[in-house]
Amino acid sequence: MNATDTIYINGYKHVSYHSDIFSEEELTIKSKSFYEWLDKRRSVRDFSDKNVPKEVIENLIKSASTAPSGAHKQPWTFCAISNPALKKQIRNEAEIEEKESYENRMSERWKKDLEPLNTDMHKPFLEIAPWLIIAFKKVYELESGGHKHNNYYVNESIGIACGMLISAIHNAGLVTLIHTPSPMNFLTNILKRPSNERAFLLLPVGYPKLPTYVPDLKRKGLDEMTVFYE
Ligand code: IYR
């Protein structure tokens, strides 16, 4: 490290930062191939029970935790579950909530919108996938002495982290889908999480069952979602 690698601003240490600089041609090629690779990601509901090593899950969670967050509070806890008894309990309780949702809470319009995705109240993937990752958002920090400090932009922060987690899962050749049993309070109880944490998303992680079929969905074109001001 040479003398200019570190400076102090308002008393806080700053380290020099370097990004890779590419030619415009390389930029175009790299951004296009990244898009084409991301575009191959699909939400998959049918999982193989093939094991995924714990170290892989650790790397996925570390990738998620590189996300930017409000005031760098990193307001998240990721619970990674491979314990079969816990997965069974989570499935049972999720299906109780899902049954109530599909039968009484969701509007007819909502259920009609979900028809192409072929979802229902049954969630076998919660037991079959080798791992469940549950992202909990930390609404506030619990300091010693019981003091509470609110975190900032918690939904934005954990939403970005979950997006990066999904990309990391795709990069590993594994699959996931977003499962949001509602309400999700039962997860706080089963996993004995503290009062400052709320379940945000549940992601089963594993290999797809083969053969796997996904709905033939089309993504919006650039002109349907972008406005340029040049
Ligand atoms: N949480 C339910 C219902 C559901 C809702 C939406 I919006 C989806 O995109 C998919 C499912 C379930 O997991 O089945």
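The largest pocket holds about 370 Å³ of space. The model is predicted, so local features need pLDDT of at least 70 and side-chain atom pairs count only at pLDDT 80 or more, whereas totals for chains, interfaces and linings use all residues. Residues are numbered from 1 along each chain as its sequence is written, and side-chain values use heavy atoms, with hydrogens and water left out.

A pocket is defined on a 1 Å grid over the protein atoms alone, as an open set of points where a 1.4 Å probe fits, with protein on both sides within 12 Å along at least five of seven lines. Grid points are joined across faces, edges and corners, and the volume is the space filled by probe spheres set on the points. The largest pocket has 17 lining residues, a lining residue being one with an atom within 4 Å of a point. E98, Y102, W110, L114 and T180 lie nearest the centre of this pocket. Helix 3 (84-105) and helix 4 (108-114) each contribute at least two residues to the lining. Helix 3 gives the largest share, four residues. Helices (H or I, at least four residues) and strands (E, at least two) are DSSP runs, numbered from the N terminus. Eight lining residues are nonpolar, five are polar and four are charged. In this classification Ala, Val, Leu, Ile, Met, Phe, Trp, Tyr, Cys and Pro are nonpolar; Asp, Glu, Lys and Arg are charged; the others, Gly among them, are polar.

An open sheet contains four strands in the order 3-4-8-7, with antiparallel pairing. Its edge strands are strand 3 (76-81) and strand 7 (175-176), each of which pairs on one side only. Two strands count as paired if DSSP finds at least two bridges between them. Six bridges connect strand 3 with strand 4 (residues 131-138), and these strands run antiparallel. Within this pairing, T77 has F136 of strand 4 as its bridge partner. Strand 3 is largely enclosed by the rest of the structure, because five of its six residues are buried. Buried means under 20% relative accessible area, exposed over 50%, and partly exposed in between (1.4 Å probe, protein chains only).

A further pairing involves strand 1 (residues 6-9) and strand 2 (residues 12-15), which run antiparallel and share four bridges. I9 stands opposite Y12 of strand 2. The hairpin of these strands has two residues between them, and N10 takes a positive phi near 50° in this hairpin.

Three aromatic pairs occur in the structure. Rings of Phe, Tyr and Trp (its six-membered ring) pair if their centres lie within 6.5 Å; planes under 30 degrees apart are stacked, over 60 edge-to-face, and the rest tilted. F47 and F125 form a tilted pair, at 6.4 Å centre to centre and 45° between the planes. This pair links distant parts of the chain, 78 residues apart: F47 is in the loop between helix 1 (24-38) and helix 2 (54-64), and F125 is in helix 5 (residues 125-128). F47 is buried, with a relative accessible area of 4%. F125 is also buried, at 5% relative accessibility. The pair of W76 and F78 is tilted, since the ring centres are 6.4 Å apart and the planes stand at 45°. W76 and F78 are both buried. Another ring contact involves a charge: the charged end of K50 sits over the ring of Y207, 4.9 Å from its centre. The criterion is NZ of Lys or CZ of Arg within 6 Å of the ring centre and within 35 degrees of the ring normal.

Backbone features complete the description. The peptide bond from S182 to P183 is cis, with omega near 0°. P183 lies in the loop between strand 7 and helix 7 (185-190). L210 and P211 are also joined by a cis peptide bond, with omega about -10°. P211 belongs to the loop between strand 8 and helix 8 (222-225).

Positive phi values occur in residues other than glycine. H72 has phi near 55° and lies in the loop between helix 2 and strand 3. H72 is exposed, with a relative accessible area of 58%. N118 has a positive phi of about 60°. N118 is placed in the loop between helix 4 and helix 5, and is exposed at a relative accessible area of 65%.
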